[in-house]
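Take a look at it, and then we'll go through some questions together.

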Amino acid sequence: MKLIIKYQETPINVSIPTLIIRGINDTIVPEESVMYVYVKLNTLKKKLVHLDNTTHDVFNDPLKAQATKDILAFLKDTDRLFLLKDHK
């Protein structure tokens, strides 16, 4: 709980395109935490993907190919010029 309290304002400092992938059966990160981070992200370019029948480790689950497709689609859809800018 201390970690959550210590870093609860971190998402507001994120201003770059962000993709969050969460397995519906994730027992490690609660849905409320995912939604908190998603809402607090300080970027208009953000996407939240929920994968059915998947746990926290989406790349060791049957839908890892779907997770990879979601990542590639997000990257293709992200403005490449934005990614080349200095965001320090």
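Q: What relative accessibility does glutamate 31 have, and how does that class it?
A: First, a heads-up: this is a predicted model, where local features need pLDDT of at least 70, side-chain atom pairs count only at pLDDT 80 or more, and totals for chains, interfaces and linings use all residues. Residues are numbered from 1 along each chain as its sequence is written, and side-chain values use heavy atoms, with hydrogens and water left out. Buried means under 20% relative accessible area, exposed means over 50%, and partly exposed is in between (1.4 Å probe, protein chains only). So glutamate 31 counts as partly exposed, at 27%.

Q: Which residue forms a salt bridge with glutamate 31?
A: A salt bridge here is a side-chain nitrogen of Lys or Arg within 4 Å of a carboxyl oxygen of Asp or Glu. For glutamate 31, the closest N and O atoms of the pair are 3.2 Å apart.

Q: Which side chain of opposite charge is nearest to aspartate 70?
A: Aspartate 70 lies in helix α3 (residues 64–77) and is buried yet has no salt bridge. Lys and Arg count as positive and Asp and Glu as negative, with His and the chain ends not counted. The nearest side chain of opposite charge is 5.4 Å away, and it belongs to lysine 47.

Q: Is threonine 78 buried or exposed?
A: You'll find threonine 78 in the loop between α3 and α4 (80–84). A polar atom of its side chain lies 2.6 Å from the backbone oxygen of phenylalanine 74. With a relative accessible area of 4%, threonine 78 is buried.

Q: What pattern does the protein follow along the sequence?
A: The protein has four helices and two strands. Read along the sequence, they give α-β-α-β-α-α.

Methods. A polar contact is a pair of N or O atoms within 3.5 Å; within protein, one must be able to donate a hydrogen and the other to accept it, and residues adjacent in sequence count only if both atoms are side-chain atoms.
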